[in-house]
Amino acid sequence: MAVATITTKLFDITQPAARTVQRKPLPAGQPREWYETHNRRLKAMRLAIALLDSGVYHPASATNRKIRATASLTGIHPPSDTTCRMVRALIRYGR
(Lines give C-alpha, C1' and ligand atoms only; values in the text may rest on other atoms or scores of the structure.)
Protein backbone atom coordinates (compact mmCIF):
# COMPACT_ATOMS: atom_id res chain seq x y z
CA MET A 1 0.00 0.00 0.00
CA ALA A 2 1.45 3.39 -1.03
CA VAL A 3 1.31 6.34 1.31
CA ALA A 4 0.85 9.74 -0.28
CA THR A 5 2.66 12.63 1.31
CA ILE A 6 1.28 16.12 1.11
CA THR A 7 3.56 19.09 1.44
CA THR A 8 2.43 22.67 1.61
CA LYS A 9 4.42 25.81 1.41
CA LEU A 10 3.11 28.75 3.39
CA PHE A 11 5.05 31.40 1.54
CA ASP A 12 7.15 31.31 -1.59
CA ILE A 13 9.20 34.50 -1.97
CA THR A 14 10.07 33.66 -5.56
CA GLN A 15 6.45 34.01 -6.69
CA PRO A 16 4.98 37.50 -7.23
CA ALA A 17 2.09 38.61 -5.07
CA ALA A 18 -1.32 37.66 -6.40
CA ARG A 19 -2.72 41.11 -5.75
CA THR A 20 -0.92 44.39 -6.30
CA VAL A 21 -1.69 47.65 -4.60
CA GLN A 22 -2.57 50.63 -6.75
CA ARG A 23 0.13 53.24 -6.23
CA LYS A 24 -0.62 56.91 -5.85
CA PRO A 25 1.82 59.63 -6.86
CA LEU A 26 3.82 61.17 -4.06
CA PRO A 27 2.94 64.73 -3.06
CA ALA A 28 4.92 67.41 -4.84
CA GLY A 29 6.87 70.14 -3.09
CA GLN A 30 8.57 68.10 -0.38
CA PRO A 31 12.32 68.31 0.19
CA ARG A 32 14.41 65.56 -1.40
CA GLU A 33 15.24 64.10 2.02
CA TRP A 34 11.55 63.45 2.62
CA TYR A 35 11.25 61.33 -0.56
CA GLU A 36 14.44 59.39 0.28
CA THR A 37 13.19 58.62 3.80
CA HIS A 38 9.74 57.66 2.52
CA ASN A 39 11.13 55.24 -0.07
CA ARG A 40 13.59 53.79 2.45
CA ARG A 41 10.74 53.06 4.87
CA LEU A 42 8.72 51.35 2.14
CA LYS A 43 11.71 49.22 1.14
CA ALA A 44 12.41 48.28 4.76
CA MET A 45 8.79 47.31 5.27
CA ARG A 46 8.74 45.09 2.16
CA LEU A 47 11.94 43.38 3.31
CA ALA A 48 10.69 42.92 6.88
CA ILE A 49 7.50 41.29 5.59
CA ALA A 50 9.48 38.96 3.31
CA LEU A 51 11.78 37.97 6.18
CA LEU A 52 8.89 37.35 8.57
CA ASP A 53 7.14 35.23 5.95
CA SER A 54 10.31 33.21 5.42
CA GLY A 55 10.62 32.44 9.15
CA VAL A 56 12.99 35.11 10.48
CA TYR A 57 11.26 36.34 13.64
CA HIS A 58 14.15 37.73 15.71
CA PRO A 59 16.21 40.79 14.79
CA ALA A 60 19.42 39.02 15.81
CA SER A 61 18.89 36.40 13.11
CA ALA A 62 18.27 39.07 10.45
CA THR A 63 21.86 39.79 9.49
CA ASN A 64 22.80 42.21 6.72
CA ARG A 65 23.74 39.24 4.56
CA LYS A 66 20.36 37.56 5.07
CA ILE A 67 18.47 40.82 4.42
CA ARG A 68 20.43 41.43 1.20
CA ALA A 69 19.89 37.83 0.08
CA THR A 70 16.16 38.23 0.65
CA ALA A 71 16.24 41.45 -1.33
CA SER A 72 17.88 39.74 -4.29
CA LEU A 73 15.34 36.89 -4.14
CA THR A 74 12.41 39.29 -4.15
CA GLY A 75 13.82 41.56 -6.85
CA ILE A 76 14.59 44.53 -4.61
CA HIS A 77 17.84 46.47 -5.02
CA PRO A 78 20.38 45.65 -2.30
CA PRO A 79 19.64 47.72 0.80
CA SER A 80 22.13 49.96 2.54
CA ASP A 81 23.31 49.45 6.11
CA THR A 82 20.80 52.09 7.25
CA THR A 83 17.93 50.21 5.60
CA CYS A 84 19.12 46.93 7.16
CA ARG A 85 19.02 48.56 10.60
CA MET A 86 15.52 49.81 9.82
CA VAL A 87 14.42 46.28 8.85
CA ARG A 88 15.70 44.91 12.16
CA ALA A 89 13.89 47.70 14.03
CA LEU A 90 10.63 46.85 12.25
CA ILE A 91 11.02 43.18 13.19
CA ARG A 92 11.86 44.12 16.80
CA TYR A 93 8.95 46.49 17.35
CA GLY A 94 6.46 44.31 15.52
CA ARG A 95 6.67 41.69 18.27
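Which residues does Thr-70 touch, not counting residues up to four places away in sequence? Thr-70 touches Leu-47, Ala-50 and Leu-51, where contact means heavy atoms within 4.5 Å.

## Basis of the model

This is a predicted model, in which local features need pLDDT of at least 70 and side-chain atom pairs count only at pLDDT 80 or more, while totals for chains, interfaces and linings use all residues. Residues are numbered from 1 along each chain as its sequence is written, and side-chain values use heavy atoms, with hydrogens and water left out.

## Overall organisation

The chain has three helices and zero strands, and its pattern along the sequence is α-α-α. Helices (H or I, at least four residues) and strands (E, at least two) are DSSP runs, numbered from the N terminus.

Of the 95 residues, 22% count as buried; buried means under 20% relative accessible area, exposed over 50%, and partly exposed in between, with a 1.4 Å probe and protein chains only. The chain exposes about 7900 Å², of which carbon and sulfur atoms supply 56%, by the Shrake-Rupley method with a 1.4 Å probe. Among contacts between residues at least 6 apart in sequence, 61% join residues at least 24 apart.

## Thr-70 in helix H2

Thr-70 lies in helix H2. Thr-70 is buried, with a relative accessible area of 6%.

## Helix H1 against helix H3

The axes of H1 (residues 32–53) and H3 come within 9 Å and cross at roughly 55°. H1 is therefore oblique to H3. Axes are lines fitted to C-alpha atoms, for helices over the stretch in contact, and angles run from 0 to 180 degrees between N-to-C directions. Angles under 35 degrees count as roughly parallel, over 145 as roughly antiparallel, 65 to 115 as roughly perpendicular and the rest as oblique.

On the H1 side, the contact includes Arg-40, Lys-43, Met-45 and Leu-52; on the H3 side, Thr-82, Met-86 and Ile-91 are among the residues met. The contact of H1 with H3 comprises ten nonpolar, two polar and three charged residues. Here Ala, Val, Leu, Ile, Met, Phe, Trp, Tyr, Cys and Pro count as nonpolar, Asp, Glu, Lys and Arg as charged, and the others, Gly among them, as polar.

## Helix H2 against helix H3

The axes of H2 (residues 64–74) and H3 (residues 81–93) come within 10 Å and cross at roughly 95°. The two helices are therefore roughly perpendicular to each other.

In this contact, Asn-64, Ile-67 and Arg-68 of H2 meet Asp-81, Cys-84, Val-87 and Arg-88 of H3. By class, these are three nonpolar, one polar and three charged residues.
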